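Hi everyone, thanks for making time.

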Amino acid sequence: MAPMRAVALAAIPSSLRRLNERTVLERLRRLGTASRADLAKAASISQPTAGKIIEELLAFGLLEELDEDDPPDTTALTLPPRLGRPGRRLRLDTTQPRFLAIELGVDQTRLACLPLAARGVLPWQAVFPTGPSPDAWLACLRTHAAQIPRAALWAVLVSVPGVVDEATGRVLYSPNLHWTERLPLAELVSSVWSLPVRLVQEIRALALGHLAATPGCENFLLVDFGEGVGGAIIEGGQLLRHPLPLSAELGHTPVLGNPRLCGCGATGCVETLLSRSGLCRSLNEPPGADVTVLETLARRIRSEGLPDWLGNALDAMGAILAGALNVLGLRRVVVTGHLTDLPASVLERLAQAVRRGAMWARFGEVICEPAPRRRLEGLIAAGIDRLLFPASSEGPLPEATRRRMAETSTRTSPRATTAPQTQSIPNARRPRRAPAPTELKSYATPP
Ligand SMILES: [Zn+2]
């Protein structure tokens, strides 16, 4: 069979095989590292079937094998010890950049090239002012695109604020970045890199990042405090699906007696009290002072305690969060953003208000905890879940991404060598085989 035909087949695997691939990838992402046997067990797939899938994922550059002296991943879930000599451990690939992440912020845009497994502090390839117009923004993107090698990349993932229709790649509403509204934003970015582009609403990216980085935490409401106040819901280890292109817009819940006008056009939204600009206003600081407003506020809280206006705003926010927990049947709130940079009494006040209103607090524990923003990890998770291994219907974007994956596996992979699989190299990583045409064919064959 001709290689091009084989690549085309590899891009469209059967639904059952894709489901198994997705399960293996998802389990390995949660485990951090695992032997083939442990991974098969964790995925509830027979060892022969899991073995075939793992070899294919290795060949396509999604996984890598660890040397025996590599330290274990202490941040991930642990499996019970097994008897006998452990097999070589696997993990998601940490070396090749596969996704270009673009963080489109109100003030700055940042670019990073990400491998499938990226944790900790991730380097930015470029940072530039977002600017007031799409033309200036695209010009900056093109300038930086020339410096970012495209060869190994599979797709571009863009974290976007506002109300984002991720399915169509458009921003419906963005009170702080109006120029992004109703533009074919994903298409415009795709014109720069000629790669599949997926928009991810920024708070949903944070929730996916927290999910990826926190094994065992699979049900929570995340609320972020930044330029606005937004939320995202994870249930059963998945973003909650909903019929409208917006959800968990907690910041736009009105607070009785709050006369402030919100960027959304309504009056009294809690966001006008607890966003950065809301805090600036309450402190009688100009909006441009929001870089230092947190330091000013933190000093004041440490010396004088919580001011009444902030305590009242936190009580209102807590009641809104409690209502959301009661509706969703959740008991955990994860707080990210600037409230976590203030003295601990701020989150304690918020947590008290959440517990007062959360019905579950009468029966068990309701948790309200701070967490760092993990937007890039969330973008990687979105890329894996929605482009490489989508749970349901295939679309043009996943097909294009998988085609790109197949192309790069033969073009850039160091394992495109003639080394036989059984070759043993002591104290070195075993060269992995390039996918031969027959293997690519098997990729599309139901197990
Ligand atoms: Zn509003």
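Let me start with a pair of strands: in which sense do strand 4 and strand 7 pair, and over how many bridges? They pair in the parallel sense, over 5 bridges, with strand 4 covering residues 99–104. If you want one spot to look at, find Ala101, whose bridge partner in strand 7 is Leu157.

Before going further, please keep in mind that this is a predicted model. As for the overall picture, the protein has 447 residues, and buried ones make up 42% of them. Its secondary structure comes to 15 helices and 15 strands. And if you take contacts between residues at least 6 apart in sequence, 65% of them join residues at least 24 apart.

OK, back to strand 7. On its other pairing, strand 7 is joined to strand 10, residues 197–201, by 5 bridges, and these two run parallel.

Next up, helices against helices. Two packed helices are described by the angle between their axes and the distance between the axes.

Take helix 5, residues 134–145, and helix 6. Their axes come within 9 Å and cross at roughly 30 degrees. Angles under 35 degrees count as roughly parallel, and therefore helix 5 and helix 6 are described as roughly parallel to each other. The crossing of helix 5 and helix 6 is right-handed. On the helix 5 side the contact is made by Pro134, Leu138, Leu141, Arg142 and Ala145, and on the helix 6 side by Leu188, Val192 and Trp193. By class, that contact between helix 5 and helix 6 has 7 nonpolar residues, no polar ones and 1 charged.

Now the other pair, helix 11, residues 308–328, and helix 12, residues 344–357. Here the axes come within 7 Å and cross at roughly 40 degrees, so helix 11 and helix 12 are oblique to each other. The crossing of helix 11 and helix 12 is right-handed. The contact includes Gly311, Leu314 and Gly318 from helix 11, and Val346, Leu350 and Ala353 from helix 12. Sorted by class, helix 11 and helix 12 bring 9 nonpolar, 5 polar and 3 charged residues to this contact.

Last stop: a few serines. Most residues other than glycine have a negative phi. Which way does phi go in Ser44, positive or negative? Positive: the phi of Ser44 is near 55 degrees. Ser44 sits in the loop between helix 3 (36–43) and helix 4 (47–59), and with 10 other C-beta atoms within 10 Å, Ser44 is exposed.

Then there's Ser194, also not a glycine, with a positive phi of about 55 degrees. You'll find Ser194 in the loop between helix 6 (185–193) and strand 10. Ser194 has 11 other C-beta atoms within 10 Å, so Ser194 is exposed.

And Ser277 is in helix 9, residues 276–282. How does Ser277 count, given its 19 C-beta neighbours inside 10 Å? Ser277 counts as partly exposed, because the cut-off for buried is 20 or more. One more thing on Ser277: its C-alpha atom is separated by 9.2 Å from that of Val293, 16 residues apart along the chain.

Methods
Residues are numbered from 1 along each chain as its sequence is written. This is a predicted model: local features need pLDDT of at least 70, side-chain atom pairs count only at pLDDT 80 or more; totals for chains, interfaces and linings use all residues. Two strands pair if DSSP finds at least two bridges between them. Helices (H or I, at least four residues) and strands (E, at least two) are DSSP runs, numbered from the N terminus. A residue is buried if 20 or more other C-beta atoms lie within 10 Å of its own, exposed if 12 or fewer, and partly exposed in between; C-beta atoms are placed from the backbone. Axes are lines fitted to C-alpha atoms, for helices over the stretch in contact, and angles run from 0 to 180 degrees between N-to-C directions. Angles under 35 degrees count as roughly parallel, over 145 as roughly antiparallel, 65 to 115 as roughly perpendicular and the rest as oblique. A crossing is left-handed if the near helix is turned anticlockwise from the far one by less than a right angle, and right-handed if clockwise. Two residues are in contact if their C-beta atoms, placed from the backbone, lie within 7 Å. Ala, Val, Leu, Ile, Met, Phe, Trp, Tyr, Cys and Pro count as nonpolar, Asp, Glu, Lys and Arg as charged, and the others, Gly among them, as polar.
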